[in-house]
Amino acid sequence: MTTVNPRPIPAAPGRVPVLGHLPALLRDPLGFLGSLARVGEVAGVSLGPREVAVVTSPALVHTLLAALSRDCPRGSVQGTLREAFGDGLLMSEGALHRERRRAVTPAFTAERVGSGIRAVQEATRERIGRWRPGVPVDVAAEMTGLALEVVARALFGVRLPEGDAVAFQRALPDLVKGQIARSLCPHPLFARLPLPLNRRFEAAVAVLDRVVDRAVSGAGGSPAALLSAAGGLDAPAVRAEAISLFGAGTETVASTLTWLFHELLGAPEVHGRLLAELAGELGDAGTELTPEALARLPYLRRVLREVLRLHAPNAFLTRTAAVGVQLGPYAVPAGTELLYSLSALHRDPARYADPLRFDPDRWADGERVADPRLFLPFGAGRHKCVGESFAWMELAVVAATVLLTWRPEPVAGTRAREVVWTTVQARGVVMTVSPRVVRTAAAERPAGAAGGTP
Ligand code: HEM
């Protein structure tokens, strides 16, 4: 909407001297960002040294990402990654981004995503084949390891040594903390200060570089699927894209899967309905999944969509107004840093009744309800997630394979909590498992007996 006299962006109340709204943000990040919708569709906040404008309405976030994408390129959160890793798809803008996007998109055609199903199913079977009845499973750690293995196998055709997977997982928190600190204090001198935070950030960058280098060079010499798809890229460009895919495709998927199991543990009725659909349509865990089989699982799709609504992984993303623009009724001056939280957007009580309740049936009307301008877990516009269809496939294959093999059970005395960095992570999700028994026409037998699973 273009207004003749655009208004200035209203300032959020509650600013304290020097730190501004930083204490409120750190105390309860998503609660604070969600509360800003009451201030306006865009609200001005001060985060210590930085003034930023938070976009609180999904429709205006969509406008920012799609209609204003040229005038409002990526902001400081991704900028710190560019400094660390170079110009991958996840970090680049303009002509370079278009060139990279053209090169990487062929790795995610429907045909390629379909042919990745096998790798995802195999990686899942191997990992959950190591679980034992009654032994607690640290769900976040397992899902991170699995998501990493999936990117390596399905997109690069390599298996990661276990040590690399562990090193990668350990490095991620230091990377993210450094990234946040650098985006709050973007002065180049800050990054050079000999602070433990900076040292740990550099060490994490080195670990990620090493793991990705090994994956790209093909470890055992197998040709990387991505390399052949992105034939036009030189070696440093392929490496930067590999960093983008490992970076963007691991933690997002792992946290979504962790939240999925957390929600199912607390919702036996949803779990039961989901299992009935999976057993009815797929049989047992030994079945080889296909795109056609996955398309017959509407309730699973609804459950996953609800997990992505309630736990959209991207807590903070930014854009910068390169020129003065009008966003809805507001005038946004050139140079303004615009922040939006996909996680907070989908918890707005004005749009979702009882927003913190996990309720897959709110999607019962199907795609119509999932208006792409209002439901944005994969973003929108030119930077919309290039791996979206791969991600839907991966989530569905992992969920079906786990649930048809094992019956997850809650562990008394454990409590899941939300930890917000640049993504919304699930900590403390622990479950035990017992073998799922599937009724077949012939007999009762443990699920997955034909597929090499327990
Ligand atoms: C639940 C899973 C996932 C979610 C919620 C998710 C979400 C997102 C979002 C919100 C963006 C846009 C960021 C922005 O606007 O700045 C994005 C971009 C991206 N995602 Fe995903 N993602 C997921 C999985 C994946 C996977 C599996 C891959 C690849 C293996 C991937 C690769 C990328 C890349 C490369 C970009 C940058 C695209 C560009 O700028 O052109 N993502 N993702």
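Tutor: A residue is buried when its relative accessible area is under 20%, exposed when it is over 50%, and partly exposed in between, using a 1.4 Å probe and protein chains only. The model is predicted, so local features need pLDDT of at least 70 and side-chain atom pairs count only at pLDDT 80 or more, while totals for chains, interfaces and linings use all residues. Residues are numbered from 1 along each chain as its sequence is written, and side-chain values use heavy atoms, leaving out hydrogens and water.

Student: How many salt bridges are found in the whole structure?

Tutor: Side chains of opposite charge can pair when their charged atoms come close. A salt bridge needs a side-chain nitrogen of Lys or Arg within 4 Å of a carboxyl oxygen of Asp or Glu. Searched over the whole structure, the number of salt bridges is 21.

Student: How far apart are the closest N and O atoms of Glu306 and Arg309?

Tutor: Helices are DSSP runs of H or I with at least four residues, and strands are runs of E with at least two, numbered from the N terminus. Glu306 and Arg309 are three residues apart in helix H15 (residues 298–310), so about one helical turn separates them. Glu306 has a relative accessible area of 0% and is buried, and Arg309 is buried with a value of 0%. Their salt bridge has its closest N and O atoms at 2.9 Å.

Student: Which residue in the loop between H16 and H17 pairs with Glu306?

Tutor: Glu306 takes part in a salt bridge with an N to O distance of 3.0 Å to Arg362. That pair links distant parts of the chain, 56 residues apart, with Glu306 in helix H15.

Student: Which residue's side chain makes a polar contact with that of Asp348?

Tutor: Asp348 sits in the loop between helix H16 (342–345) and helix H17 (388–405), and is buried at a relative accessible area of 14%. A polar contact is a pair of N or O atoms within 3.5 Å; within protein, one must be able to donate a hydrogen and the other to accept it, and residues adjacent in sequence count only if both atoms are side-chain atoms. At 2.4 Å, the side chain of Asp348 makes such a contact with that of Arg351.
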